[in-house]
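Thanks for coming. I will go through some helices first, then a few loop positions with backbone angles that deserve a look.

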Amino acid sequence: MRRVVISGAAGFIGSHLVDHFIQQGEMVYGLDNLCTGRTENVDHLKGESRFALMNYDVAVRVPYFPVPVDLVLHFASPASPLDYAHLPLETLMVGSDGTRNMLELARRHRAKFLVASTSEVYGDPQVHPQKEDYWGHVNPIGVRSQYDEAKRFGEALTMAYHRKLGLDTRIVRIFNTYGPRMRLEDGRCLPAFFKQALSGQPITVFGGGAQTRSFQYVSDLIAGVTALLEADYHGPVNIGNPEEVTVLELAKEIVAVTGSVSKIVAEPLPQDDPMRRCPDISLAKRLLGWEPRVRRAQGLALVLPYFQNEVSRKTLI
């Protein structure tokens, strides 16, 4: 039984990672200050002796573990445009001080370390699709810079610990991911479209919806992250679904899958919103033998009951 420490454990992706390691028979210590995470994401693990949720802001400190730790996964950060616009300093601190504190935890225990990075390090890319050796096109002082630059710094810090101190590190660049436990109001287009469609509200598409994204179902991401943990590779690896779709087409697909009568309306495009986003996953295929298995049509059908329940719950409240 390995001991696994996961920051952001009560978040959307973090809680799915917790489930994976519990199912594998590991002991999991979850760290979360609950600024965007929710305890309800791990409520199903109450009474589970191999899981402990601990209220810590890892940008300030991490707990002392008197027992050996084998894996340290850093997934703590506001991750949606609304969240990191509202929490810019917290986002920068968890990407800098938080990453360092988690790296130090891994160094003390000689544990394997993995940091969650993002496709946002590519900014509004001028290269398409995006490969790991592309340095990106990022506005360092723009309205999204707190998230973009926090993640870029986190990658740099992780590589410094690997090169200078010999820490066994991994970097995963996560592309748009969806699934159960997303918050309806987190500001990302997919949950927003589901909420609007299921509530009969107009579906707001920014900038005409010509911008593209590539959406992967959360189970594919978890499979990619866990495969990367077992690989002997220290550079960044894209984990995403290269099935590119325009935002307008996604809105139409969600209208169809929900059976909604909502109309699609246009709103101005936010500043620095990337026009194209699609991963090149050649490295993940070659290195990990990984590629996504859930097609978008299947994933939207899988997540529909969750969003139906969330909308009903919010309506009752």
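**Helices and loops**

In helix α6, the buried residues, meaning those under 20% relative accessible area, are V218, D220, L221, I222, G224, V225, T226, L228 and L229. On that scale exposed is over 50% and partly exposed lies in between, with a 1.4 Å probe and protein chains only. Helices here are DSSP runs of H or I with at least four residues, strands are runs of E with at least two, and both are numbered from the N terminus.

A word on provenance: this is a predicted model, in which local features need pLDDT of at least 70 and side-chain atom pairs count only at pLDDT 80 or more, while totals for chains, interfaces and linings use all residues. Residues are numbered from 1 along each chain as its sequence is written, and side-chain values use heavy atoms, with hydrogens and water left out.

Back to α6. It has 13 residues and reaches 19 Å from its first C-alpha to its last, close to the 18 Å expected at 1.5 Å a residue. The expected span is 1.5 Å times one less than the number of residues.

What does α6 meet in α1? On the α1 side there are F12, I13, H16, L17, H20 and F21, and on the α6 side V218, L221, I222, V225, T226 and L229. Contact means heavy atoms within 4.5 Å. The residues of this contact divide into nine nonpolar, three polar and no charged. In that count Ala, Val, Leu, Ile, Met, Phe, Trp, Tyr, Cys and Pro are nonpolar, Asp, Glu, Lys and Arg are charged, and the others, Gly among them, are polar.

As for geometry, the axes of α1 (residues 12-23) and α6 (residues 218-230) come within 10 Å and cross at roughly 65°. Those axes are lines fitted to C-alpha atoms, for helices over the stretch in contact, and the angles run from 0 to 180 degrees between N-to-C directions.

Next, α7, which covers residues 247-258. Its 12 residues reach 17 Å between first and last C-alpha, close to the expected 16 Å. V247, L250, A251, I254, V255 and T258 are the buried ones. Seen down the axis of α7, these fall within an arc of 140°, so they line one face of the helix. The arc is that of the directions from the helix axis to the C-beta atoms. After α7 comes G259, with a positive phi near 70°.

Now α4. Its 21 residues should span 30 Å at 1.5 Å a residue, and the end C-alpha atoms are 29 Å apart, which agrees. The buried residues of α4 include Y147, D148, K151, E155, L157 and Y161. Buried residues of this helix pack against α2 (81-86), α3, β5, β6 (169-174) and β11 (236-239). A160 also sits in α4 (residues 145-165), but A160 is partly exposed, at 35% relative accessible area. Just after the helix, G166 takes a positive phi of about 75°.

On to the loops. P78 is buried, with a relative accessible area of 3%. Leaving aside neighbours within four places in sequence, P78 is in contact with T36, D83, Y84, L87, T91, V94 and Y147. The C-alpha atoms of P78 and T36 are separated by 6.3 Å, although the two residues are 42 apart along the chain.

Finally, the backbone angles. Most residues other than glycine have a negative phi, and most peptide bonds are trans. Where is a cis bond found? A cis peptide bond joins H128 and P129, with omega about -10°, and P129 lies in the loop between β5 (112-118) and α4.

Two non-glycine residues have a positive phi. L34, at about 65°, is in the loop between β2 (27-31) and β3 (51-54) and is partly exposed at 32%. R110, near 55°, is in the loop between α3 (88-109) and β5. Is R110 buried or exposed? R110 is exposed, with a relative accessible area of 80%.

That is the list; I will take comments now.
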